[in-house]
Amino acid sequence: MASETTGEKRVVVVGGGIAGALAAKSLQSDGDVVLIDPKEYFEITWASMRAKVEPSVAERMVVKHKDYFTNGRLAMSSAVGVTETHVLTADGESIPYDYLVIATGHNDNFPKTKSERMEQYQADYNKIESADSILIIGGGPSGVELAGELAVDFPGKKVTLVHSRLRLLDFVGAKASKKALDWLTSRKVEVILGQLVDLKSHSDGDKTFKTSTGETIVADIHFFCVGRPLSSSWIKDSVLNEAVDARGRVMVDEHLRVKGRKNVFAIGDITDIPEMKQGYLAQKHALLAAKNVKLLMDGGKESKLASYKTGSDIAIISLGRKEAVAQFPFTTIVGCIPGLIKSKDLFIGKTRKTMGV
Ligand SMILES: Cc1cc2nc3c(=O)[nH]c(=O)nc-3n(C[C@H](O)[C@H](O)[C@H](O)COP(=O)(O)OP(=O)(O)OC[C@H]3O[C@@H](n4cnc5c(N)ncnc54)[C@H](O)[C@@H]3O)c2cc1C
């Protein structure tokens, strides 16, 4: 089936993070594309901790969908269900598709407009500026990068980071975790491992926090930096139910097609591809899925579909403006050299260029 108005094949992309945004941009000249995302923008996520200490960065890292997606329709809502032929949204729309690309990554609770999101970053900055002591809950990439930004930009403030696991950054190897821990402690960040902060019994404005072992931490403000859950519940109880694994990931084949489906693809962090969940890999998925959708739209043979080759385990976690810890396949390094790769611009310029903005 094709669109009644344009005669083109109908493509629906669900989720406008970096993966869905790049897929929608790549397909907009080839089909009648609808992008479903609850917000008018996407964020260059890996620069978000810098925006808390320098809110003007948000102007560049928060990108409105309309700036790169100029030849399609944005349905500003959340997908709540999917049938063989339509995606259903929270606003009550039923959007038909010939090809579907699922890119719903993680659930977020961000405001709808860019200006509201920028106000949030400004508010975070104001909070940081007026605090003497700051508690960070969570020692994954967000918590560690925020601690690094604070240690460099606000060295006079007392920063405490509490992580539930026994090592920081448990998505990378133990060497990288240790190097990040040493870097943070050398900058006077207090790191407490293997404990949870009890936020249930904590009330707003209270400056005392209790950990799971009864330790007390006093902090003027806190940031909750625990990873967000995957957003696949909207697919459950739908025709794609069987493609969601026990961890909430969408199972895909080597062509990035959803298990058992010929016209449905999944890309980015939501997939079960056995590799690190990284934005640069999500972009590779988006380009490959777009290529395959185009091939099928043009009547190409299945045997010509491109196959995805799993990415290597490269991760760079910035530690302030000049340094970083990097895990490459054969080595792990900390300091200014990995910092040169990521920490100054945090790939904002590179990502904006990819998106043509
Ligand atoms: C602090 C930090 C640093 C990082 N550093 C790097 C780095 O240096 N390099 C790197 O490559 N990666 C990095 N990453 C990882 C990278 O951010 C992710 O891999 C990437 O953002 C995944 O993109 P995505 O589009 O798959 O998912 P997401 O970014 O999670 O986007 C999902 C989108 O789908 C939307 N959505 C969710 N549910 C629905 C629904 N039901 N209907 C419609 N829309 C929905 C969401 O609102 C969101 O817009 C970092 C991550 C963090 C947190």
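Biologist: What makes F69 count as buried?

Modeller: In this predicted model, F69 has 24 C-beta neighbours inside 10 Å, and since a residue is buried if 20 or more other C-beta atoms lie within that distance, F69 counts as buried. F69 is placed in the loop between α4 (65–68) and β5 (73–75), and, leaving aside its neighbours within four places in sequence, F69 is in contact with A24, K25, Q28, L35 and L74.

Biologist: How far apart are F69 and F154 in sequence and in space?

Modeller: F69 and F154 are separated by 85 residues in sequence and by 38 Å in space, taken from C-alpha to C-alpha.

Biologist: Is E242 to be called buried or exposed, and how do you know that?

Modeller: E242 has 11 other C-beta atoms within 10 Å, and because a residue with 12 or fewer is exposed, E242 is exposed. E242 belongs to the loop between β15 (221–224) and β16, and E242 lies 183 residues from E59 in sequence and 40 Å from E59 in space, C-alpha to C-alpha.

Biologist: Which residues of α8 are buried, and what covers them?

Modeller: The buried residues of α8 are L281, A282, Q283, K284, H285, A286, L288, A289, A290, N292, V293 and L296, while the elements that cover the buried residues of α8 include β1 (10–14), α1, β9 (99–102), β16 (264–266) and α10 (348–355).

Biologist: Which members of the largest nonpolar core touch the most other members?

Modeller: That core has 64 residues, of which A23, V101, I102 and I267 touch the most other members. The most is given to this core by α8, with eight residues, and the core draws at least three residues from each of domain 1 and domain 2. Leaving aside its neighbours within four places in sequence, I267 is in contact with A19, A23, V101, A103, L256, A282, H285, A286 and A289. Apart from this core lies another core, of 39 residues, among them M49, A151, L319 and A324.

Biologist: How many residues of domain 1 are in contact with domain 2?

Modeller: The domain assignment gives domain 1 as 10–39 + 76–108 + 228–304 and domain 2 as 114–227 + 313–355, and their C-alpha centres lie 31 Å apart. Seven residues of domain 1 are in contact with six residues of domain 2; on the side of domain 1 that touches domain 2, the largest share, three residues, comes from α1. By class, that side of domain 1 has three nonpolar, two polar and two charged residues.

Biologist: Why is the ligand said to lie between the two domains?

Modeller: Domain 1 and domain 2 both give residues to the shell around the ligand, so the ligand lies between them. The ligand is surrounded by 36 residues, the closest being G15, G17, W46, G105 and G268, and the residues of this shell divide into 15 nonpolar, 15 polar and six charged. At least two residues of the shell are supplied by each of α1 (18–27), α6 (141–153) and α8 (279–297).

Methods: Residues are numbered from 1 along each chain as its sequence is written. This is a predicted model: local features need pLDDT of at least 70, side-chain atom pairs count only at pLDDT 80 or more; totals for chains, interfaces and linings use all residues. A residue is near a molecule or strand if its C-beta atom, placed from the backbone, lies within 6 Å of it. Helices (H or I, at least four residues) and strands (E, at least two) are DSSP runs, numbered from the N terminus. Ala, Val, Leu, Ile, Met, Phe, Trp, Tyr, Cys and Pro count as nonpolar, Asp, Glu, Lys and Arg as charged, and the others, Gly among them, as polar. Domain bounds come from an automatic or database domain assignment. A nonpolar core is a set of buried Ala, Val, Leu, Ile, Met, Phe, Trp, Tyr and Cys residues joined through C-beta atoms within 7 Å. Two residues are in contact if their C-beta atoms, placed from the backbone, lie within 7 Å.
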